[in-house]
Structures are given as C-alpha cells and as structure tokens.
Amino acid sequence: MGYTDQRFDVNLSILFTELPLLERPAAAAAAGFTAVELWWPWIETPTPAQEELDALKKALEDAGTQLVGLNFYAGRLPGPDRGAVSVPGEESDRFNANINVAADFAASVGCKALNALYGNRVEGVDPAVQDELALKNLVVAAQAADRVGAILLIETLNKPESPLYPLVSAPAGIEVVDKVNEATGLGNAKFLLDLYHLAMNDEDLSEVIEKYAAKTGHVQIADKPGRGAPGTGELPLEELLDQLKKAGYEGYVGLEYKAADAAASFAWLPAEARAAR
C-alpha cells in the first residue's frame, strides 16, 4: 500500500502552467507521468476551432500521455467562475454548446471522465430555479458522456475559497449525483472526491471515504493548508488513499496542487511509481 500503489495523473491546468498548454503533456511525461487531466482549456469559448482540438490531441499523443479527466466548459476557471450548469442565460447556453464538443473530444482521446462544475449562486435568482436548470443540464451532459462511454463527475468545492458555490459538502455533491442518476437511469453520474476541498470544509475524510467510495468516480488531492504537494501540510494523504483503495476505489488520483516548480514538486513520489498502471 502507500503512494506507490496508486494510479496518479497530473492536472495540467494547475501544474506546469508556466508552459503553453501544448507543451505541458510532454513536461508531465518528462517527469515520468503517463496520465493527465485538464480543466476546460479554452476559457473564452465552449466551442474552439477543430484545429485547436486537433492540436491538443496531437500534443497528448506525441507525449505518450493519456487524458483521464476533462472538465466541461466552466466559465472563467481559474478566475471568479465555478462552472456554468446552474447559471441561467448565456452561461447555461455556453455549457450546452460545449456538451457534445467536450464529449466528442474526450472520445477522440479515450478520456472516460467528464467533470461538470455546478456553478455559483447568482444574486437575485431563486436557488430552486438554479437547481432545476442544473439538473436539466446535467441530465443532457450525463447522456452525452454515456454516448462516448464516459462517466459524469459532480464535484464539491470548499466554502472559504468558493463562497458562492452551493456544493460544499460531500452529502451535497452526492445528492446531485443521485438526482442525476435517478433522472437518466444511466447510473453514470459519480462523485469527484477532492480530499483538499473536503478538508477545507472540515469534513471527516475517513467517514466520507467509508460512506461514498462506491459512488466515487475520480479522486483529487492537495495538502492543507496551502494546496501544496503531499507532505507540505497536515493531511495524512497516504493513509486516506490506502483507505480509499481498501474501500474498492480503483480509479485515478489527480494531482491538483499548486507548485512553483512542478517537476521538483514530485519528490514525494518515487519516479518508478509515476507511470499509470
């Protein structure tokens, strides 16, 4: 057990960001990793030109990296936005325009997990109206993910850093997962269990794992405080990942932490344990 027994991937939207997007897969590969994940890379548009999609596909393939997770369009992220599915008007329209683009791109690179960030509460809009819109959009997203053999991920964030985001506890995220599965009958909506966000919400991480490992489709980690690499903070991440594995989780663990020097930040993980197995 321990870190060497996990399947890790590098989040290229938070690590290696000093490099242009198309150079990041090769940088991850040079550090020994073969699996990567991304937030939606085109912040300005849900529908980038086909040549941009093709260029990213080529960069992933040339580096020998497998994309294992991709966000749907999520607004300005990084930035003030936290997704678009529950935001009425233009943002919801953009999300819908993106659904098949993201799903088809995922299919083209063999990516089997698509993450739909819920979106912030909007001042002056009834939360019930936002939740109804979110469910409608998530049902369409789940159907598109299913069409390409992928799962739909629902993520909880943390209240200190995302005060307007309504899903800031594991039960809140699981409730949405269950509602989407009930509405579609597909069963492909899963929980994105981010140990950093849950810890920032002061949740009992062992209890969350015990309760929800079976509904978890992807895991992300960073240490707390500071959102740095494992070992920079106080979280017993190695033990928690062991617990997840014992509970039956066999998926990827995304490295979604901040580091001034990404390549140097992987010292906690032996080089021979970095390639996905």
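Hi everyone, thanks for coming. One thing before we start: this is a predicted model, so please keep that in mind as we go.

Let's begin with the sheet. Eight strands form a closed barrel, in the order β1-β2-β3-β4-β5-β6-β7-β8, and the pairing is parallel. On average, neighbouring strands of this sheet are turned by 30° against each other, direction ignored. As a reminder, strands of a sheet pair through backbone hydrogen bonds.

How does the UniProt record describe this region? The unreviewed entry carries the annotation "domain: Xylose isomerase-like TIM barrel" for residues 26-269. In the model, that span is 41% helix and 14% strand, and its end C-alpha atoms lie 19 Å apart.

Now let's zoom in on one pair of strands. If you'd like one to find on screen, take V36, whose bridge partner in β3 is L67.

Next, the helices on the sheet. Helix α3, residues 90-109, lies across β3 and β4, with its direction at about 170° to β3. Helix α5, residues 170-184, also packs on the sheet, where it touches β5 and β6. The direction of α5 makes about 165° with that of β6.

And what does α5 do on the helix side? Helix α4, residues 127-147, packs with α5 at an angle of about 65°, and their axes are 9 Å apart. Since 65 to 115 degrees counts as roughly perpendicular, α4 is therefore roughly perpendicular to α5. The crossing of α4 past α5 is right-handed. On the α4 side, the contact is made by L135, L138, V139 and A142, while α5 brings V176, K179, V180, A183 and T184. By class, that gives 7 nonpolar residues, 1 polar and 1 charged.

My last stop is the pair α7 and α8. Helix α7 covers residues 205-212 and helix α8 covers residues 237-246; their axes come within 9 Å and cross at roughly 15°. The two are therefore roughly parallel to each other. Here, too, we have a right-handed crossing, with α7 passing α8. Which residues meet? From α7 we have L205, S206, I209 and E210, and from α8 we have L240, Q243 and L244. This contact has 4 nonpolar, 2 polar and 1 charged residues.

Conventions:
Residues are numbered from 1 along each chain as its sequence is written. This is a predicted model: local features need pLDDT of at least 70, side-chain atom pairs count only at pLDDT 80 or more; totals for chains, interfaces and linings use all residues. Side-chain values use heavy atoms; hydrogens and water are left out. Axes are lines fitted to C-alpha atoms, for helices over the stretch in contact, and angles run from 0 to 180 degrees between N-to-C directions. Helices (H or I, at least four residues) and strands (E, at least two) are DSSP runs, numbered from the N terminus. Angles under 35 degrees count as roughly parallel, over 145 as roughly antiparallel, 65 to 115 as roughly perpendicular and the rest as oblique. A crossing is left-handed if the near helix is turned anticlockwise from the far one by less than a right angle, and right-handed if clockwise. Contact means heavy atoms within 4.5 Å. Ala, Val, Leu, Ile, Met, Phe, Trp, Tyr, Cys and Pro count as nonpolar, Asp, Glu, Lys and Arg as charged, and the others, Gly among them, as polar. Two strands pair if DSSP finds at least two bridges between them. UniProt positions are given in the numbering used here, feature names are shortened, and annotations may be inferred rather than shown by experiment.
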